[in-house]
Amino acid sequence: MTKSIKLVGVGGQGTILATTLLSAALVEAGFDVKMSEIHGMSQRGGSVSSEIRYGQKVYSPVIMKGNADVLVSFEQMEAARTIDYLKKDGVLIVNNHKINSMVTLNGKVQYPENIINTLSEKVKTYKIDATDLAIELGNSKVMNVIMLGAVVKAIGLDHLNFEKAIRENVKEKFIELNLQAFELGKKQV
Amino acid sequence: MKKILTGNQAVARGAYEAGVHFASAYPGTPSTEILENLGTYKEIVAEWAPNEKVALESVIGASIAGGRSIASMKHVGVNVAADPLFTFAYTGVNGGSVLITADEPGMHSSQNEQDNRNYAKFAKIPMFEPSNSQESLDMVKYAFDFSEKFDSIVLFRMTTRVCHSKGSVTLGERIEVPIKKYEKDFDKYVSVPAIGRKLRHKVEDRLNRLKEYTETSKWNYSVDNKSKVGVIASGMSYEYAWEALGETVDYLKLGFTYPLPRILIDDFCKEHDTVYIIEENDPIIEEFARLNNKNIIGKDLFPYTGEMTPDVIKRCILSENIEGVESNTELFVGRPPTFCSGCPHRGFFYELGKKRKKIVVSGDIGCYSLAVGEPYNLMDWLICMGASFSSGHGAQRIFDMNPEENRRIVSIMGDSTFFHTGINSLLNTVYNGGKTINVILDNRITGMTGQQDNPGSGYNIQGNNTVIGDIEGICKAIGIKNVRRVNPNELDKVKEVINWAMELDDISVIITDWPCVLKKRYQPEDFEKYNQMWQTKDYVDQDLCVGCKACLRCGCPSLVFDPEKKKVSIDENTCVGCDVCLQICPYDAIKKVGE
């Protein structure tokens, strides 16, 4: 049975690296994997998403609305924006972090309140303080790998070889930091 | 060896394995990473060209000289390259030659949704369409032998999802193909009319041979699931159809799609009660199949625009609507893309915005197209690469016929767009005595597609130093006397130079001179020239901020307004100290950290 994981966030948050690491470990474990991402305009601070599907044989690289088994959001409002991609019995894993958009930055509208609480009433939700933990680790950018650690624990993929995936896909000087971040993420679930 | 690759990585790998000698491209989503990947192979001479026409022409020369060559571009790029394409279709090749078109059903990052499969029929050249990463590698590798066998350039049509989706790919080894002998052959390569008329018959003979080939091509095959319902599809639509319909239908999978296989399609239609033709954009397979068959359902059921994703197919064929967790629209607001913190376009558009009522802004393709959005709303039209100067000129001609309206054109393009096709446009204006204001936002890189080098960046695709094209020198050389450079982060100077240009009764060029905040490679003198580039940070003195929000009009994502405290602060993680907001603040509340 094909599983579908959708990762969403804001341009620059590192959704693509998290997706790359996850797919590398899944391929290593023998799954057929397809992954999709959209490049270009949305990268400039806009909403971004990447999608990963794995199973015995996968055809479509894209996830339809109502078809994601897992929705991973690196930002609160992006979780609310894409929640309709999640199956009614799916799992939401959300970074407890807000990033303003142009319209909330300039005070024209307020950043919505109570997002995670509202969503968690509808669907099984893990709230992860990944940005705060990353800053404690000394580099806010490893938020994505902390989230990855939490995701693989929450959905039972933590037996896969993520250490190898990290070593092969991360720049040498950041490998140790990312390995730490991954372990820290696993402990959050 | 197995690797997980995007379609773009796979097609580059396939070209490498096919022994390709030469590659050229102009960046354009979703095709950009093809040449970026080809550039990593030391066996291949890979080059960024200033535009797609130049890229294809270089590839044509490489083929005539005996090398295997490949050009890649986005769908609209093929329009730019169409002129050489249509005649190269007549001459044929020496070394195998492939043109990759990366189409955008759904327009994720493009201005239109044109279906470049039409180009194969239009130019009378063979076409392949891969559905996934493995096919991208295998087909392109096959296409070079094919090109030499049929003596034709091959059109290789990909779409966004094929380009940017990753899948598992089995890699092969590079075949070292010797460069073919070059022999003078006027009757093949010099397409004067007398020879063109002969070549025209050769093209028709080739089409006839291709029509035979397509019936038995290994890339066109049917899948029998013992159903009375059939689906015909190519490219990503084939994968989507399997996802949506699985083994409930039979399939005719088309990978070699021009010329289409008449017998295969007619037989498949005869063997099934109903045949769905699932294709993105134009009904090309459908119109071909309908000539001889009546049991076809196509665009009468499926949408004429956008991607034929599995949900679309399920909704259309099975009337099945899948609902996920219910959305609460009050929990999110818009998040459009925006200029980065420190983007050198910000200061210029902030100052230009003050002239909004007096000017008409002719726009172009690049990051600066984001100026159409909040808070600038500064773009009256946007057509295609290089069109801002020329369309601005034409508009000014008409506006000048109503002098009482006093409309003034400001045409805007970036450095890469200027090198692409902007030089010709500017030459037209000055030659014809036009009087527009022409702005070149020189950020020393091709920004929107992800920081590719260009003739003004100082580097080639391999990262080696090369000449830096002199934009100011080009403008002066074509006869423009009023050319000024300005640092876009110095607002007083930007204001002064815009006023200067507005007051001239003559053509002018303003070059804003500051690098893209994301540019990766610099020459040492750049650091001297762009003093303290992104080495500093700004902050808001909370005692002095009165919450007037004047600074927010520059649209910087590092500025955060707190509606409760009614004060602005600056996100220290993203601020790079460009000082644009600091110059705007009427209360001097914004200061430099450490000063």
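## How to read the model

Because the structure is predicted, local features need pLDDT of at least 70 and side-chain atom pairs count only at pLDDT 80 or more, while totals for chains, interfaces and linings use all residues. Residues are numbered from 1 along each chain as its sequence is written, and chains are lettered from A, with ligands numbered from 1, in the order in which they are written.

## Chain B as a whole

Chain B has 20 helices and 24 strands, where helices (H or I, at least four residues) and strands (E, at least two) are DSSP runs numbered from the N terminus. The radius of gyration of chain B, which is taken over C-alpha atoms, is 27 Å, close to the 25 Å that the globule rule (2.2 Å times the number of residues to the power 0.38) gives for 595 residues, so chain B is as compact as a globular protein of that length. Along the principal axes, the C-alpha atoms of chain B fill a box of roughly 80 × 65 × 55 Å.

## Where the two chains meet

The contact takes 50 residues from chain B and 53 residues from chain A; two residues are in contact if their C-beta atoms, placed from the backbone, lie within 7 Å. On the side of chain B that touches chain A, the elements that give two or more residues are α7 (160-164), β8 (165-170), α10 (235-245), α13 (310-318) and β22 (559-562) of chain B. That side divides into 24 nonpolar, 15 polar and eleven charged residues, with Ala, Val, Leu, Ile, Met, Phe, Trp, Tyr, Cys and Pro counted as nonpolar, Asp, Glu, Lys and Arg as charged, and the others, Gly among them, as polar.

Strand β2 (residues 32-37) of chain A is joined to β8(B) by three bridges, and the two run antiparallel; two strands pair if DSSP finds at least two bridges between them. Within this pairing, M35(A) has K166(B) in β8(B) as its bridge partner.

## A sheet in chain B

Seven strands of chain B form an open sheet with mixed pairing, in the order β3-β2-β4-β5-β7-β6-β12. Its edge strands, each pairing on one side only, are β3 (45-48) and β12 (256-258) of chain B. Two bridges join β6 (residues 127-128) of chain B to β12(B) in an antiparallel arrangement, and F128(B) stands opposite F256(B) in β12(B).

## A pair of helices in chain B

Helix α14 (residues 345-353) of chain B and helix α18 (residues 491-503) of chain B pack at an angle of about 50 degrees, with their axes 9 Å apart. Axes are lines fitted to C-alpha atoms, for helices over the stretch in contact, and angles run from 0 to 180 degrees between N-to-C directions. The angle makes α14(B) oblique to α18(B), since angles under 35 degrees count as roughly parallel, over 145 as roughly antiparallel, 65 to 115 as roughly perpendicular and the rest as oblique. The contact is made by G347(B), F348(B), Y350(B), E351(B) and L352(B) of α14(B) together with L491(B), V494(B), K495(B) and I498(B) of α18(B); by class, these are six nonpolar, one polar and two charged residues.

## Backbone details in loops

The peptide bond from T29(B) to P30(B) is cis, with omega near 10 degrees, and P30(B) lies in the loop between β2 (22-25) and α2 (32-38) of chain B. A cis peptide bond also joins Y258(B) and P259(B), with omega about -5 degrees, and P259(B) lies in the loop between β12 and α11 (262-270) of chain B.
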